[in-house]
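I opened my notebook to look up some overall features. Here is what I looked at.

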Amino acid sequence: MSESLLEVKNLKKYYPINKGFFNRAQGFVKAVDDISFSVNKGETFGLVGESGCGKSTTGRALLRLIEPTAGEIWFEEQDITKLSMEEMRKRRREMQIVFQDPYSSLDPRNTVQRILEEPMIVHGVGNAKERRAAVKRLADVVGLAKAHLQRYPHQFSGGQRQRIGIARALALQPKLIVADEPVSALDVSIQSQVINLMQDLQREFGLTYIFIAHDLSVVKHICDRVAVMYLGRIVEITDKNKLYAQPMHPYTQALLSAVPEPNPDIRKERIILQGEVPSPANAPIGCAFNTRCPKVMDVCRNVRPPLLETDSGHLTACHLYDKEPIITRLA
Amino acid sequence: MIQPILKIEDLHTHFFTDRGEVPAVDGVDLYVNPGEVLGIVGESGCGKSVTSLSILKLVPNPPGKIVSGNIYFKGRDIVPLKEKEMRKIRGDAVSMIFQEPMTSLNPLFTVGQQIIETVRLHRGLSKKQAREHATEMLRKVGIPRPEAIIDEYPHQLSGGMRQRVMIAMSISCSPELLIADEPTTALDVTIQAQILDLIRRLNEEQGTAVMLITHDLGVVAEMCHRVAVMYAGKVVEEGSVHDIFHNPLHPYTRGLIESVPRMDETRERLYSIPGNVPILSNDLKGCRFAPRCPNVMDICQQSIPQLTLQEKSHSCRCWLHESQQEDAV
């Protein structure tokens, strides 16, 4: 059994909708609605789902860049939601993030040298000389030339900027990196360069990744285990081979069937979902997917299905797999 | 021999910037047959969008300009046409769907007004007929409650809905050619599947020819009959969708296909094309792909290869394949 690095228990992030003269909360946008999962040391854990499913909010809440509304986040036997701001800041040395947009996540007024050095200055690592040496090593590791260090972010292409973003995340030798759509803004040929780099770095430094993405082919390539999110909830978690070979949740099935594959001979049985994702301010009662599910039953409209093991290591939140029929009391 | 609905010959669209002349489209030859879906693939900056804007003469001028070349629409060269005549073609016989539906719909007008404007202009319908027609179009693209949605503003709709409205507008005059520039890039996969399904039905049921511009090889494989691969302002390979995916000839096409992670097979490591797309200028010598090409030869640095036919309807712009031909001769 591999050791777990991160345990998330019943994480919630609700945003109040304030209305009226007194600005009272009139309801909540449930961006992340009671999710639990664990991430093992050295693995790549994928969080997938469509826009607005809460995957990015989850990623940020894990580092407390967004303050969770409720729940526990255990990082190496410590519940980091209980830490003070200052303690948390120190703890973040071990938990870093790489953002999606390599254009807006680097300070345009700083040189690459300064961008890579800053985390070390903030955390008081080494003296000036040691830091300069460390920056050179980092640049080397992610494939930037020495001459690049004196340049500014606008002088780089998207792929190179993403390399800078990754180098910055590595600067403090973290254990966990949350990568929020790190390759979705990049062209295909550049995307594969960055994916390969991330895999090399993982091997070299024993990193654990939480890889947030909407591109299911990329996720299949890089992840070990995957959690599928829909409307703030996790609907399925399992290892990637099981997920892609035998998706259990109707949403996962539809999602996988919708991905166009680069092979003109494949004609997939496509499940085209009707309608769109409901607003998270007004999520359906019961299963969040019940408005679009092709296999919806009565119970789905009343009772939220718990995330249960349907097969060894395969968790699904769906009433189709209920062991005993749930008796619903009609209100 | 079928006459192509659209034929582009040696098109050059250049941008005149402070840093000099940028040949964004640098000698492109393409054709689209009636009822066909042609895919144009390539990465950012390869000139695929500028090519499509050139067809409708929508390239912002200045700084952009069609420097030379011909664009024949049903046998008639539209390059010399005046703006007034172009307006008769746009939205009528040829129409376009853009990537970002939010910025291409007018936020100040309701969805209905925008569709009605198009059909009144081109079809001369009365207000009432036009409104009925617009409602019908919205229903056709799968918009629920079209009678109500017709009076809504673009901001009231989701991304997928807006893209449907764009499509409804662009097909309202039953165009013979639909140009779709990254129509699903901004959308989620399940919504993408809906929109692609809609475009495919248009093609199959009404015989509308489609020019689909995308960077997504999956979308190409799924939708297109024929594919043109562009790199740095030029078409580097062109052939049927089977030729391109099963027998790619150009090293760039091969690299592109190898770089994509796939769901139907497991790869330990992805292939990656080293380096970056070149910055376009008129000073570039030799093959544009030479600096990144794994099969580069001396001649590639010296002169540009021609787009030559390799086998029936499969052509490629690469010295590797030119030499083979010479040997054969």
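How many positive and negative side chains does chain A have, and how far apart do the centres of the two sets lie? I found 44 positive and 38 negative side chains in chain A, with the two centres 5 Å apart. Lys and Arg count as positive, Asp and Glu as negative, while His and the chain ends are not counted; each charge is placed at NZ of Lys, CZ of Arg, CG of Asp or CD of Glu.

A note on the source: this is a predicted model, where local features need pLDDT of at least 70, side-chain atom pairs count only at pLDDT 80 or more, and totals for chains, interfaces and linings use all residues. Residues are numbered from 1 along each chain as its sequence is written, chains are lettered from A and ligands numbered from 1 in the order written, and side-chain values use heavy atoms, with hydrogens and water left out.

Next, I stayed with chain A. The C-alpha trace of chain A spans about 70 × 60 × 45 Å along its principal axes.

Then I turned to chain B. For its charges I have 35 positive and 41 negative, with mean positions 7 Å apart. Buried residues make up 55% of the 329 in chain B. Its C-alpha trace spans about 65 × 50 × 45 Å along the principal axes. I also checked contacts (heavy atoms within 4.5 Å): in chain B, among those between residues at least 6 apart in sequence, 63% join residues at least 24 apart.

Notes
Buried means under 20% relative accessible area, exposed over 50%, partly exposed in between (1.4 Å probe, protein chains only).
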